Amino acid sequence: MAPPFRISRIHHAAYRCRDAKETVEWYQRVLGMTYTTAFAEDHVPSTGAYDPYMHVFLDCGGGNVLAFFELPNQPEMGRDPHTPAWVQHIAFEVPDMDALLAARAHIEAQGIEVLGPTWHGIFRSIYFFDPNGHRIELACNIGTEAQYAELARVAPLMLEEWSRTKRAPRHADWLHKEKEDDV
């Protein structure tokens, strides 16, 4: 049964940060985001709990908003020790390979270690960490309409096989075979 409403887009995605000012400045300087809004309260509006916070919002472009909470009265932030660092990440899209390479040069010039470009068959991406330890990915699409159609076709088959076997299905192995001219 379908829900009686339709989601129009992600309003914002929120993460925790160590220092709101440092985080805003980093995202402006490194990724060119625009700082748009801040909320600061002593009590959480949804729960009423006393927990002072600063909530900052950054415009990523295209109607996308990334937000952060600084929570000075909470224990120091950490990450799930049972989840590898490469799993949880925030991915942003750049228009093409030239932009991806320019981004890598810009980010490395800031003294930030960058991994990639990494080949993903239908996109390439680079990876690095923000000052809070959040992994960031910048990706550019390189796939064809036929490739995207094939991925859509096999997606349900792959999910069903994974659900049964917990082994990587081979329906899209071609994604991981980098062509000589794409290196």
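Strands and helices here are DSSP runs, numbered from the N terminus, with helices being H or I of at least four residues and strands E of at least two. I took two strands as paired if DSSP finds at least two bridges between them.

Before going on, I noted that this is a predicted model, where local features need pLDDT of at least 70, side-chain atom pairs count only at pLDDT 80 or more, and totals for chains, interfaces and linings use all residues. Residues are numbered from 1 along each chain as its sequence is written, and side-chain values use heavy atoms, with hydrogens and water left out.

**Around β8**

How many bridges join β7 to β8? I found 7, and the two strands run antiparallel. Their hairpin has 5 residues between the strands, and G133 there takes a positive phi near 90 degrees.

I then looked at β5, which runs parallel to β8 and is joined to it by 5 bridges. One partner pair I looked up was A91 with E137 of β8.

Is β8 mostly covered or mostly open? It is mostly covered, with 6 of its 7 residues buried. For me, buried means under 20% relative accessible area, exposed means over 50%, and partly exposed is in between (1.4 Å probe, protein chains only).

**H89**

I stayed in β5 to check H89, which is found in that strand. H89 counts as partly exposed because its relative accessibility is 33%. Leaving out residues up to four places away in sequence, H89 touches R135 and E137; contact means heavy atoms within 4.5 Å. I also checked H89 against A67: they are 22 residues apart in sequence and 14 Å apart in space, C-alpha to C-alpha.

**The core**

Next I went to the largest nonpolar core, which has 24 residues. Such a core is a set of buried Ala, Val, Leu, Ile, Met, Phe, Trp, Tyr and Cys residues joined through side-chain atoms within 4.5 Å. Which members touch the most other members? They are Y27, I107, I126, F128 and L138. Elements giving two or more residues to this core include α1 (20–31), β5 (89–93), β7 (123–129) and β8 (135–141). The largest share, 5 residues, comes from α1.

Setting aside neighbours within four places in sequence, its contacts include W26, I107, V114, H134, I136 and L138.

I looked up the peptide bond between G116 and P117, and it is cis, with omega about 20 degrees. P117 has its place in strand β6 (residues 115–119).

K166 has a positive phi, near 55 degrees, in a residue other than glycine. I found K166 in the segment after α3 (145–165). It counts as exposed because its relative accessibility is 54%.

**Whole protein**

Buried residues make up 28% of the 183 residues. Among contacts between residues at least 6 apart in sequence, 49% join residues at least 24 apart. The C-alpha atoms fill a box of roughly 55 × 50 × 35 Å, taken along the principal axes.
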